[in-house]
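This report describes the pockets of one structure and the surroundings of its ligand. The sequence and the structure come first.

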Amino acid sequence: MYDGEFAAVVGPSGCGKTTLLNILAGLLPYRHGTVQVDGVPVKGPGSDRGVVFQEHAILPWRTVARNIGHGLELQGVPRQERRRRVREFVELVGLAGFEERYPHELSGGMKQRVALARTLCANPVIMLMDEPFAAVDAQTRITLQEELNRIAIATRKTILLVTHNVDEAAFLGDRCFVFTRRPGRLKATVTIHIPRDRRIWKEVVADPAFTARRDEILELVRAEVRVE
Ligand SMILES: Nc1ncnc2c1ncn2[C@@H]1O[C@H](COP(=O)(O)OP(=O)(O)O)[C@@H](O)[C@H]1O
Ligand SMILES: [Mg+2]
């Protein structure tokens with residue numbers, strides 16, 4: 001992946017996307033191949049890779065602000081600096097006014113924004129996201145996808161997102177890596193040439209350049225779904 005790229009890994013359920021992400025995160029060992037971040041081999045979890053999981057891994061006993069600042073606390077970042085960064089990312093993910101709320105007071109979409117902000121706040125080199133919007137309703141999902149695009153523009157982060165959702169992959173990815181069924185292997189790479197500032201659902205659905213690529217990916221994935 002190149003710097004600032006948004007890569008989407010898409011493939012049928014059970015093909016090994018989560019497994020791949022966990023390997024990249026350093027949470028699972030691998031037998032073949034190499035994983036490197038800026039030329040440095042991955043040997044375990046590290047602060048260069050920020051992970052956002054499907055289930056919001058946020059702490060129920062901490063407020064929104066203290067959840068977002070949690071990684072910085074662990075890194076020993078001084079309080080003043082922590083406050084400043086937390087404020088910045090609370091704004092970025094649209095949670096201003098909710099700083100002192102607890103997770104149980106938030107919707108699913110808001111919880112996932114907290115998880116996203118917490119990971120971004122720790123300033124990783126690359127963000128790894130595993131089906132981050134799978135647990136929210138369809139409308140919220142679309143909103144969060146547009147927000148993630150906005151955040152990608154604002155932070156210029158390198159992001160790798162895995163999803164079984166073809167629309168999501170095509171909407172967000174600069175490149176979409178399509179995987180085969182299990183054991184998942186790279187089947188095709190589809191490049192989406194749509195500028196980030198034009199990735200708005202209302203517009204892309206009317207853009208043949210988008211729908212053609214999306215349908216191409218859909219066919220590639222559908223061919224892998226076995227009727228069991
Ligand atoms: N290359 C592989 N060979 C054998 N089993 C695999 C492989 N990749 C994944 N699995 C297994 O398949 C199951 C589903 O994998 P998972 O990564 O959760 O898929 P996905 O996230 O794409 O739905 C897991 O039990 C995992 O251990
Ligand atoms: Mg998975």
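## Pockets and ligand shell

The largest pocket has a volume of about 1,100 Å³. The model is a predicted one, in which local features need pLDDT of at least 70, side-chain atom pairs count only at pLDDT 80 or more, and totals for chains, interfaces and linings use all residues. Residues are numbered from 1 along each chain as its sequence is written, chains are lettered from A and ligands numbered from 1 in the order in which they are written, and side-chain values use heavy atoms, with hydrogens and water left out.

A pocket is an open set of points on a 1 Å grid over the protein atoms alone, where a 1.4 Å probe fits, with protein on both sides within 12 Å along at least five of seven lines; lining residues have an atom within 4 Å of a point. The volume is the space filled by probe spheres set on the points, which are joined across faces, edges and corners.

| Pocket | Volume | Lining |
|---|---|---|
| Largest pocket | about 1,100 Å³ | 33 residues |
| Second largest pocket | about 520 Å³ | 22 residues |

In the largest pocket, L20, I23, L24, T34 and V35 lie nearest the centre. Two or more lining residues come from each of α1 (17–25), β2 (36–37), β5 (126–130), β6 (158–163) and β7 (175–179). Helices (H or I, at least four residues) and strands (E, at least two) are DSSP runs, numbered from the N terminus. Of these elements, α1 gives the most, with four residues. The lining of the largest pocket divides into 19 nonpolar, eight polar and six charged residues. Here Ala, Val, Leu, Ile, Met, Phe, Trp, Tyr, Cys and Pro count as nonpolar, Asp, Glu, Lys and Arg as charged, and the others, Gly among them, as polar.

Nearest the centre of the second largest pocket are R49, G50, V51, T119 and A122. Its lining takes at least two residues each from β4 (49–52), α3 (70–74) and α5 (108–121), and β4 gives the most, with four. This lining holds 12 nonpolar, seven polar and three charged residues.

Around ligand 1 (a heavy atom within 4 Å) are P12, S13, G14, C15, G16, K17, T18, T19, R182 and P183. Three residues of this shell are nonpolar, five polar and two charged. Polar contacts are pairs of N or O atoms within 3.5 Å. A backbone N or O atom of G14 lies 2.6 Å from an oxygen atom of ligand 1, and a polar backbone atom of G16 is 3.0 Å from an oxygen atom of the ligand. In T19, a polar side-chain atom lies 2.6 Å from a ligand oxygen atom.

Note on methods
Polar contact = N/O pair within 3.5 Å; in protein donor to acceptor, adjacent residues only side chain to side chain.
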